[in-house]
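Subject: Structure for your study

Dear colleague,

My notes on what was found in it follow directly after.

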Amino acid sequence: MEIVISSLILNWFVLYAVCILGLAWSCNQEQKKQSRAQSANGEALHRFSIIIPFRNEEHRLPPLLASLATLDYPQTHVELVFVDDHSEDQSTTLIRTFQKNHPEWSIQLVTSASEGKKAALYTGISQAQMPFIVTTDADCVVLPSWLKTFNAHFQNPGIQLLCGPVRLVADGSWVAAFDRLDFLAQQACSLGAHGLGIPLGCSGANLAFAKAEFHTINGYAGNAHIASGDDVFLLHKMMDKNPAQVAYVTVPTATVSTPANTSWKALLQQRIRWGTKAPAYTHRSSRFLTGFLVLSNLLLALMTLVLLFATALTPSVLIAWILKLGSDVFFVLLAAQVYKQKDVFNSLWWVTPCYPFYISALSLSSLWLPAFWKGRSLTK
């Protein structure tokens, strides 16, 4: 029996290593497309509506507002649409002050028609006057080159959705370092999966799409009742229609920055909230890849604990660890190069071996901990 179990363990993690290396290869191929997209820097200047939903963000909004004021793009081709999701603090006061101090920008401040981020985005898109929509979050900071980079990629008329890069800013704590590396790996997984035709994920903190195409695919219809997933379900719909109309952007000039989580409770709560959308995935390939990666981490953590009672499995479990750590480290090193975030190397040595146990704790916590967002309980 031990021989059979050992063989199964080894075969599983050989398959895992092949999967991770395949994603790494695909990441590298996708990165090569970036230089071609950037070189297609035509003369067309697209017009963008930047949609920013917010709720109780008075402490996070000032850095975002300051960064928006520095955008290096014709002001006649940009409008800012702030959508208030029924804030109870001074967020709207800050935006009205910003609006007053920057008359050179076209700025709208509207109240969401209903509760939740998707409702706020719907409200903002319905008010938008420009043909291209860009979404970001109230706790983000954008670069002056942000819209110019998106404009360069939209020179390809076939592109209808751009998934931009997000950089987490760590405060020096262990949890922030963990969050940053974990999120970087998730971005790279999504990039690699896209190259293989699998719609895995993207971030609504940095997303751009054609408004006409959004309405053509009926926007968030069919998943509006799910609190999370305004980004990934839009990705799924776009790829359902035509995978070639979706592109990922990895160049630093398109990056938005946002603070990393600073407590384990906040990190787990965020990941649990993100997990509420997974059961609604309709793509078998997305469900299979997500399930396989999660199950691999759970299996390795479990088999490590089993060694307390079955030491005969030690060689096979040790080889499984080597296969997983080796492929994971290689993948993260490549991800750091692709997204120009090489400073994550300092935490690589301890985050990678902790990851199977983190995934196990997260999976167990999601079974009984409720999901919250901005003081609201979310339905799983």
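Two residues are in contact when heavy atoms of theirs lie within 4.5 Å. This is a predicted model, in which local features need pLDDT of at least 70 and side-chain atom pairs count only at pLDDT 80 or more, while totals for chains, interfaces and linings use all residues. Residues are numbered from 1 along each chain as its sequence is written, and side-chain values use heavy atoms, with hydrogens and water left out.

The whole chain

The protein chain has twelve helices and eleven strands (helices are DSSP runs of H or I with at least four residues, strands are runs of E with at least two, and both are numbered from the N terminus). Its radius of gyration, taken over C-alpha atoms, is 21 Å, close to the 21 Å that the globule rule gives for 380 residues, so the chain is as compact as a globular protein of that length. That rule is 2.2 Å times the number of residues to the power 0.38. Along its principal axes, the C-alpha trace spans about 75 × 45 × 40 Å.

Buried residues make up 54% of the 380 residues; buried means under 20% relative accessible area, with a 1.4 Å probe and protein chains only. Of the contacts between residues at least 6 apart in sequence, 84% join residues at least 24 apart.

Helix 6 covers residues 174–195 and reaches 32 Å from its first C-alpha to its last, close to the 32 Å expected. The expected span is 1.5 Å times one less than the number of residues. Helix 6 is mostly covered, as 18 of its 22 residues are buried. Gly 197, whose phi is positive, near 85°, follows helix 6.

Helix 10 has 23 residues and should span 33 Å; its end C-alpha atoms are 31 Å apart, which agrees. Its buried residues include Leu 289, Phe 292, Leu 293, Ser 296 and Leu 300. In an α-helix there are 3.6 residues a turn, so residues three or four places apart point the same way.

His 283 lies in the loop between helix 9 (264–275) and helix 10 (284–306). Is His 283 buried or exposed? His 283 counts as buried because its relative accessibility is 16%. Leaving aside neighbours within four places in sequence, His 283 is in contact with Pro 199, His 236 and Asp 240. The C-alpha atoms of His 283 and Ile 198 are separated by 8.1 Å, although these residues are 85 apart along the chain.

Yours sincerely

Terms used: Buried < 20%, exposed > 50% of the residue type's maximum accessible area, 1.4 Å probe, protein only.
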